Amino acid sequence: MDKLIITAALTGNITLPTQTPYLPITPDQIAEDAVKCVNAGAASIHVHARDPKTGQPSSDPEVYRQIATLIKAKTNAIFVPTTGGTMNMTPQERLRLVPALKPEMATCNLGSINFSIHPLVDRYKAEDWKNSWEKDFAAGTKDFIFRNTFGDIEIFYKTMLENNTKPEFEAYDIGHLYNIAFFLRKGIIKPPVWIQFVTGILGGIGSDLENIMFMKSTADRLIGMQNYKFSVIGAGYPAEFHADCLSMMIGGNVRVGIEDNLFISKGVLAKGSWELVEKVVRLAKELGREIATPDEARQILGLKGKEQVNF
Ligand code: KMH
Ligand code: ZN
């Protein structure tokens, strides 16, 4: 098995400040958490920008640039911005950071799905919400369709190719593996590909271990083991750690972080994504997987290197 690539997903687009006081929002906070995650064993840092003043998701390439520059100055990590964005962002707005920053890698979502956090609306009392926008944002996701049409995927992929940015393909359901298999068959997307199995989102496939095995066996069959590598998310607690253990046992990689899971143990909030990285490193040691450094991860993934980016 290859060495284990650990991705830390620090902020995300659906974790709300009301849910945890440990959500990094400003570029400085995000970079500070990135440093701790890399010191703990993360090779790659997945980033969503927020408006530093309001805490709302932002697609402003200049905010991404600030974050990317800080992370590059302080760590050797692979900077992996989202192109998933959030509600109210057009696909063009989501994608514009790629030509602006030319990162080594960026996410490329493989299909349209419902993507919802609306059940949070009933979890908090009116006085509990930290910011006025949060409740409406959560409620609005009830009717949100996370748009990634075949046309969108093709444009996102081609834009990444033009900028020598390797896509991290996000598969939220089995059908998404058929979507990427279609593009590979047509020769539009070229192997080898790097796929994130995003289980546990309300609107996508659940994190049941059978599902993760099903995603792997489907990808093996449709794409071919030699043509792809994968990582697993397992959103939520304890799903994240169960999914990670399975992934580590079957040769996959892992992603942890407050974007996907708030808890270090039952009912105990993680004080930052680095605590989640530390835990997955402990599990990896028990399971006999060695951890990849950022440069080893670059080699495994075939990235252009951090000197070739535009930040
Ligand atoms: N937000 C995650 C559920 C992306 O950012 O483009 C999936 C993700 C994809 O991280
Ligand atoms: Zn993300």
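**Exercise 1. The sheet**

In what order do the eight strands of the open sheet stand, and is the pairing parallel or antiparallel?

*Solution.* First, a word on what you are looking at. This is a predicted model, in which local features need pLDDT of at least 70, side-chain atom pairs count only at pLDDT 80 or more, and totals for chains, interfaces and linings use all residues. Residues are numbered from 1 along each chain as its sequence is written, chains are lettered from A and ligands numbered from 1 in the order in which they are written, and side-chain values use heavy atoms, with hydrogens and water left out.

Step 1. Two strands pair if DSSP finds at least two bridges between them.

Step 2. Read across the sheet: the order is β3-β2-β1-β10-β9-β8-β7-β4, and the pairing is parallel.

Step 3. Look at the edges, where β3 (78-81) and β4 (105-109) each pair on one side only. From one strand to the next, the twist averages 30°; angles run from 0 to 180 degrees between N-to-C directions, and axes are lines fitted to C-alpha atoms, for helices over the stretch in contact.

Step 4. Zoom in on one pair. Strand β8 (residues 193-197) joins β9 in the parallel sense over five bridges, and V193 has Y228 of β9 as its bridge partner.

**Exercise 2. Helices on the sheet and on each other**

*Solution.* Step 1. Contact here means heavy atoms within 4.5 Å.

Step 1. Two packed helices are described by the angle between their axes and the distance between the axes.

Step 2. List the contact residues: α1 gives P27, D28, I30, A31, A34 and V35, while α2 gives V63, Q66, I67, L70, I71 and K74. By class, these are nine nonpolar, one polar and two charged. In this sorting, Ala, Val, Leu, Ile, Met, Phe, Trp, Tyr, Cys and Pro count as nonpolar, Asp, Glu, Lys and Arg as charged, and the others, Gly among them, as polar.

**Exercise 3. Pockets and cavities**

Work out the volume of the largest pocket and of the largest cavity, and name residues that line each.

*Solution.* Step 1. On a 1 Å grid over the protein atoms alone, a cavity is a set of points where a 1.4 Å probe fits but cannot get out; a pocket is an open set with protein on both sides within 12 Å along at least five of seven lines, and lining residues have an atom within 4 Å of a point. Grid points are joined across faces, edges and corners, and a volume is the space filled by probe spheres set on the points.

Step 1. The largest pocket has a volume of about 520 Å³. Its lining has 20 residues, with I14, Q19, I117, R123 and G236 nearest the centre. They divide into 11 nonpolar, six polar and three charged.

Step 2. The second largest pocket has about 270 Å³. Among the residues that line this pocket are M1, D2, Y228 and R289, and β9 gives the largest share, three residues.

Step 3. Turn to the four cavities of 30 Å³ or more. The largest cavity holds about 160 Å³ and is lined by 18 residues, of which H48, F115, Y172, R255 and E259 lie nearest its centre.

Definitions and conventions:
Helices (H or I, at least four residues) and strands (E, at least two) are DSSP runs, numbered from the N terminus.
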